[in-house]
Amino acid sequence: MMLLYAHSGIRYMVIHAGLAVVAYALMGVAGRRPYDSRMRVLSGVYAMFLHLNVLLGLALLFTRPFAPYLIGHISLMLFAAVAAQIVPSVMRRRPEEERTWLPHLVSGVVSLGLIVAALMAIGAPIFGSRYS
């Protein structure tokens, strides 16, 4: 049961980190500021929290009985993890002058949308808890 609480609790760190990525990228796009390393670090932290939550979810999958309605949740969360990881990986390999804010903004919005859809697939609240 403790693994379920950890998986559910880390969701808040994932959502907050995702919102921070979207907000910081939006400020960069709107302010026409030059790309900086904070964006790269912030998007990496977001991807790390999301991957940690995916790993906890996979551990839950092997320790609890499987329910068919979890297929949608699992699929959407895996797609969200991929969407969150692609942009930091690509930006790390680009020359400094070719790095931009917009891919981070799009990736953040898409991955957060997938996370919200994944939570809705299992009937979990985005904020709040089913366990209280």
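The predicted model holds one cavity of 30 Å³ or more. The largest cavity comes out at about 30 Å³ in volume. So who lines it? The residues around the largest cavity are Val 21, Ser 43, Tyr 46, Ala 84, His 104, Ser 107, Gly 108 and Ser 111. Two elements each give two or more residues to this lining, namely helix 2 (37-63) and helix 4 (102-121). Helix 4 supplies the largest share, with four residues. Sorted by class, the lining of the largest cavity has five polar and three nonpolar residues, and no charged ones.

Next up is Val 87, a residue of helix 3, which covers residues 70-93. Is Val 87 buried or exposed? Its relative accessibility is 12%, and the cut-off for buried is under 20%, so Val 87 counts as buried. Leaving aside residues up to four places away in sequence, Val 87 touches Pro 103, His 104 and Ser 107. Two of these names come up again at the cavity: His 104 and Ser 107 are both among the residues lining the largest cavity.

Val 87 and Pro 125 sit 38 residues apart along the chain, and their C-alpha atoms are separated by 28 Å.

Put together, the picture has two parts.

Technical notes: Residues are numbered from 1 along each chain as its sequence is written. This is a predicted model: local features need pLDDT of at least 70, side-chain atom pairs count only at pLDDT 80 or more; totals for chains, interfaces and linings use all residues. Side-chain values use heavy atoms; hydrogens and water are left out. On a 1 Å grid over the protein atoms alone, a cavity is a set of points where a 1.4 Å probe fits but cannot get out, and a pocket is an open set with protein on both sides within 12 Å along at least five of seven lines; lining residues have an atom within 4 Å of a point. Grid points are joined across faces, edges and corners, and a volume is the space filled by probe spheres set on the points. Ala, Val, Leu, Ile, Met, Phe, Trp, Tyr, Cys and Pro count as nonpolar, Asp, Glu, Lys and Arg as charged, and the others, Gly among them, as polar. Buried means under 20% relative accessible area, exposed over 50%, partly exposed in between (1.4 Å probe, protein chains only). Contact means heavy atoms within 4.5 Å.
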